[in-house]
Amino acid sequence: MVALARYVGHHPLMRHENHRRLSSAFSLSGRGIHTGSPGRVMVTPGEPGAGLRLFRAEDGSGGQVSSLMHSGSGRCTTVFTQSGLRAMTVEHAFAAFAATGLDDVDVWLLGDEMPILDGSAAPWVEKIVEAGTAPCEPGPTLEVVREFAFSCDAASYEASPCPRGFQATVAVDYPDPVGRQSWTLDGYASLLDAVPSRTFAFVSDVGEMARAGLAAGGSLANALVIGNSGPLNPGGWRMANECAAHKAVDFVGDLMLAGRRVRGRFSVHRPGHGPNGRFLAAMLRDGVLQPVPARGESPQSPNTFLATNAFRTSA
């Protein structure tokens, strides 16, 4: 993670909100953690103002992610294209785009699932660093305009306006040896401190996941597996509060289902992919999120996301 450490520590624009454009395309390949099948992803610079778009390479179906159906299980977030093809486990890539300030990105996936790589968002950030980025004019965004509370299953959320742009505190509560942990973000760039954290599971959950047809490609090389005394992985934890850090990564990645970064202050307790998606859908349904036009656009010009009114989530 040499490139990642260099990016976090010394990149002049990484400690405040910024808007960047990908300088060149890059690709990543590997097995999906749930399907166990190989997948290949090509990431290319998107059209200015288009936001985050996802396509399946097999038939070209897809488009702005906010216009596509998505669902969140307890284990990953899946986006479905118009032809019914799926793109599983999109959250790590989406979080990496948010953390590095990329507003307009096209993602082309060959296969049913994004590569899990080492189980974190760090390899995505490293490839973005290698591809290079350049400053760009801010595109349209979505902004929290009033206080809002939401709960779903065991998860609870609070949102409020944030003059600083984006802030979040994400808290988890698990049995020992994890216990209660939290992770705080001050600006999307601060997520770079959390991106090395890995997707995790408890040993007691592995059998249930296998019976559900999940984690077919999981291993100690691409997931943090936690037993009664701590991680089974050689080397143990990568950081203090790694589980909360990864839930923060997942939360930001799921917010990117809006198709662009969201401005607001969030307090999140015991989140999951399904509740994250339903929270975002509820904010849109209730008018909590409103479009902020790009520079030079009329304030009345609707954001593509809201103009299509097509954001859909399934249980």
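Phe251 and Phe266 are both buried in this predicted model. The model contains 15 aromatic pairs, and one of them joins these two residues in an edge-to-face arrangement, with 5.7 Å between the ring centres and 70 degrees between the planes. Because Phe251 belongs to helix α5 and Phe266 to strand β19 (residues 262-269), the pair ties together parts 15 residues apart in sequence. Both rings are also members of a cluster linked by ring pairs, which includes Phe148, Phe150, Tyr157, Phe166, Tyr188 and Phe279.

| Pair | Distance | Angle |
|---|---|---|
| Phe251 and Phe266 | 5.7 Å, centre to centre | 70 degrees between the planes |
| α2 (residues 91-99) and α5 | axes within 7 Å | axes cross at roughly 85 degrees |

On the α2 side the contact is made by Glu91, His92, Phe94, Ala95 and Ala98, and on the α5 side by His246, Val249, Asp250, Val252, Gly253 and Asp254. Classified by residue type, this contact comprises 5 nonpolar, 3 polar and 3 charged residues.

His246, one of the α5 residues in that contact, lies in the helix spanning residues 242-255. His246 is buried, with a relative accessible area of 1%. Apart from its neighbours within four places in sequence, His246 is in contact with His92, Gly119, Ser197, Arg198, Thr199 and Phe200. A polar atom of the His246 side chain lies 3.0 Å from the backbone oxygen of Ser197.

Terms used: Residues are numbered from 1 along each chain as its sequence is written. This is a predicted model: local features need pLDDT of at least 70, side-chain atom pairs count only at pLDDT 80 or more; totals for chains, interfaces and linings use all residues. Side-chain values use heavy atoms; hydrogens and water are left out. Helices (H or I, at least four residues) and strands (E, at least two) are DSSP runs, numbered from the N terminus. Buried means under 20% relative accessible area, exposed over 50%, partly exposed in between (1.4 Å probe, protein chains only). A polar contact is a pair of N or O atoms within 3.5 Å; within protein, one must be able to donate a hydrogen and the other to accept it, and residues adjacent in sequence count only if both atoms are side-chain atoms. Contact means heavy atoms within 4.5 Å. Rings of Phe, Tyr and Trp (its six-membered ring) pair if their centres lie within 6.5 Å; planes under 30 degrees apart count as stacked, over 60 as edge-to-face and the rest as tilted. Axes are lines fitted to C-alpha atoms, for helices over the stretch in contact, and angles run from 0 to 180 degrees between N-to-C directions. Ala, Val, Leu, Ile, Met, Phe, Trp, Tyr, Cys and Pro count as nonpolar, Asp, Glu, Lys and Arg as charged, and the others, Gly among them, as polar.
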